[in-house]
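Me: I'd like to learn how to read helix packing and cavities in a model. Can you walk me through this one?

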Amino acid sequence: MRRAEVIVNAAAGSVGGREDVAQRVEGIFREVGWDVRVSMVEPGVLMEAIESAAGRDPEVLVVGGGDGTIRGAAGVAMERGIALGILPLGTMNLLAKDLGLPLDLEEAARVVATGCVKKIDVGELNGSVFLHSSILGLVPRLGEDRERIRAAGISLEAPRSVLRMFQTLQRAARLRVEMKWDGGSARVRTHMLAVVNNPVDEDGIGVFARASVDAGMLSVYAFRHAGPFALVGLAWSILRGKLRRDPAVLVRDVHEMEIVLRRKRVLVSNDGEVEWMGRVLRYRILAGALEVMVPGENDG
C-alpha cells in the first residue's frame, strides 16, 4: 500500500479555522487506497513536523500552505529524495498555478493522490532553495510592512503600519548592484531586481507567471525605471508581462549569477518569505532537482 504523510499549516490563509480539513484530505487519500497520516500543525513547529514526517520515509510528503511553506518543505523533500505533494492554501500560490494545480483543497488533494510525478527545477541562493522567485528592492520592503500590518491587527498600531507602507513607496531608493555571470557583467541601479526560476511567460496572465518549470535556467529582471514616475513604470511593466520588450528592463537568462550590492545587507523576498541577507548573493539553477505531484495518470 502506498503511504503518504500530510502536514497542513493550521494558520494558512485558505484553512480559515476549518476543523474538517484533516478529515477531508484523509478521506480522499484513503478512498484511492493510500495509507495516510494527516497532521494540522501550528507555524512555530511547522518545519519540525515536516522533517519528522519525511523521516518516516513516505512515498509522498504532502504539505498544505502558502509558497513559503512549500519552499521549506521542498528542501526537506530534496534532501530525502521524496516526491512533494502540494496543497495550495496561501495567498499567491505561484508555484501551484504554474504547475496547473487546482486551488480547491479537495481537488488538489485528489491530484496528489491520483496524479503523476514531474521533475522541476529549483533555484538556489547562497545554499538555500526557492521554487518561484527571489526578489530584491521594493517588494521585500513592502512585504515587511505588510507583516507589521498583520501583526498589528485591529489596534492603534495598524494605521501607523499602513502609513509606513505608503512612506516606503514614497521614499523608495534604487539599489546599486553589480551582476556577474559567465561571459558578462553589468552594473545597475534598480528599484527592484527579480531572479525567477525559469523565464516569465511573455504571453501569460498573472504576476511573473511562467510557461515552464523545467527549462533549466534562471531569468534575471532588473527594473531600471527612473524619474518621478519610476514606480508607475515598474508596475506597468510587471502588469503587462512584456518584460523583454521593455527597454527599461535588463533581462538575462543564466545558469549561475553573482549579485554584489553596495550596502552591507539587503532584504530579499524568497517565495514570499522576507529575510535579511549579506551583500553578496550567489544564485544558481538546480535542474530537475525536485519531484512534485502534478495532474496526470500515475504508472502504479
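Me: At what angle do helix H1 and helix H5 pack, and how far apart are their axes?

Reply: A quick note before that: this is a predicted model, where local features need pLDDT of at least 70, side-chain atom pairs count only at pLDDT 80 or more, and totals for chains, interfaces and linings use all residues. Residues are numbered from 1 along each chain as its sequence is written, and side-chain values use heavy atoms, with hydrogens and water left out. Helices are DSSP runs of H or I with at least four residues, strands are E runs of at least two, and numbering starts at the N terminus. Axes are lines fitted to C-alpha atoms, for helices over the stretch in contact, and angles run from 0 to 180 degrees between N-to-C directions. Here, H1 (residues 21-31) and H5 (residues 105-114) pack at about 35°, with axes 9 Å apart.

Me: Which residues of H1 and H5 meet?

Reply: Contact means heavy atoms within 4.5 Å. From H1 come Val21, Arg24, Val25, Ile28, Phe29 and Glu31, and they meet Leu105, Glu106, Ala109, Arg110, Val112 and Ala113 of H5. That contact divides into 8 nonpolar, no polar and 4 charged residues. For the classes, Ala, Val, Leu, Ile, Met, Phe, Trp, Tyr, Cys and Pro are nonpolar, Asp, Glu, Lys and Arg are charged, and the others, Gly among them, are polar.

Me: And how do H2 and H3 pack?

Reply: Helix H2 (residues 46-55) packs with H3 at about 30°, their axes 10 Å apart. Angles under 35 degrees count as roughly parallel, over 145 as roughly antiparallel, 65 to 115 as roughly perpendicular and the rest as oblique. H2 and H3 are therefore roughly parallel to each other.

Me: How many cavities are there?

Reply: On a 1 Å grid over the protein atoms alone, a cavity is a set of points where a 1.4 Å probe fits but cannot get out; lining residues have an atom within 4 Å of a point. Points are joined across faces, edges and corners, and volume is the space filled by probe spheres set on them. The search finds 1 cavity of 30 Å³ or more. The largest cavity has a volume of about 40 Å³, and its lining includes Gly65, Ile70 and Pro88.

How values were computed. 1 Å grid on protein atoms, 1.4 Å probe; cavity = no way out; pocket = protein on both sides within 12 Å on 5 of 7 lines; lining within 4 Å.
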